[in-house]
Amino acid sequence: MIGLVTGANRGLGYEMIKEGLRRGHTMLAGCRNAVDERYTGDLLELKAEYGDDLKILEMDVTDEQMVKHAAEQVQQELGQIDFLVNNAGATFKCRAESFPMDQFDRIMDVNVKYVFGMSQLCYPYLKQSAGRGRIINIT
């Protein structure tokens, strides 16, 4: 199986990548800062261990063109995606009563709008899966 996980450079996303690799899946790790080793160090260690079974994709879910390019690259190299895990998320680090509305809009964009957008952009590649593709949304 081929799985794409957004927000894969740390936390739950990283653990899903690691578990997928352990189970023998080809895993695609979507990361906003994939070219910066400060963000991808742990993934690079997995890449050294699992080789071509792990592909690290630069993918900011708020950048539609970047997501399209990554999905097309995956389709060309692998032909399909069997499951998508929308794990990328944003949160705020201050009290709600003092939180700026423009930052709230960004959080809503990442946690709601771009989950739909990511699913929509990957749908054609999920349809090509023999198992009829699956989408998992983490909130």
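Reply: A cavity here is a set of grid points where a 1.4 Å probe fits but cannot get out. Please keep in mind that this is a predicted model. With that in mind, a search of the whole structure finds one cavity of 30 Å³ or more.

Me: ok, and what volume does the largest cavity have?
Reply: The largest cavity has a volume of about 40 Å³.

Me: which residues line it?
Reply: The lining of the largest cavity is made up of Thr6, Val61, Asn86, Asn87, Ala88, Val110, Tyr114, Val115 and Met118. Helix H4, which covers residues 101–127, gives the most to this lining, with four residues.

Me: how many of the lining residues are nonpolar, polar or charged?
Reply: Six residues of that lining are nonpolar and three are polar, while no charged residue takes part.

Me: switching topic, how many residues does the largest nonpolar core have?
Reply: The largest nonpolar core has 19 residues, and those with the most contacts inside it are Leu4, Leu57, Met59, Ile81, Met118 and Cys122. At least two residues of this core come from each of strand S1 (2–6), helix H3 (64–78) and H4, and the largest share, six residues, is supplied by H4.

Me: what does Met59 touch?
Reply: Leaving out residues up to four places away in sequence, Met59 touches Leu4, Thr6, Gly30, Cys31, Arg32, Met66, Val67, Ala70 and Met118.

Me: and what lies apart from that core?
Reply: Another core, of 14 residues, lies apart from the largest one, and Ile17, Leu21, Met27 and Val85 are among its members.

Key: Residues are numbered from 1 along each chain as its sequence is written. This is a predicted model: local features need pLDDT of at least 70, side-chain atom pairs count only at pLDDT 80 or more; totals for chains, interfaces and linings use all residues. Side-chain values use heavy atoms; hydrogens and water are left out. On a 1 Å grid over the protein atoms alone, a cavity is a set of points where a 1.4 Å probe fits but cannot get out, and a pocket is an open set with protein on both sides within 12 Å along at least five of seven lines; lining residues have an atom within 4 Å of a point. Grid points are joined across faces, edges and corners, and a volume is the space filled by probe spheres set on the points. Ala, Val, Leu, Ile, Met, Phe, Trp, Tyr, Cys and Pro count as nonpolar, Asp, Glu, Lys and Arg as charged, and the others, Gly among them, as polar. A nonpolar core is a set of buried Ala, Val, Leu, Ile, Met, Phe, Trp, Tyr and Cys residues joined through side-chain atoms within 4.5 Å. Buried means under 20% relative accessible area, exposed over 50%, partly exposed in between (1.4 Å probe, protein chains only). Contact means heavy atoms within 4.5 Å.
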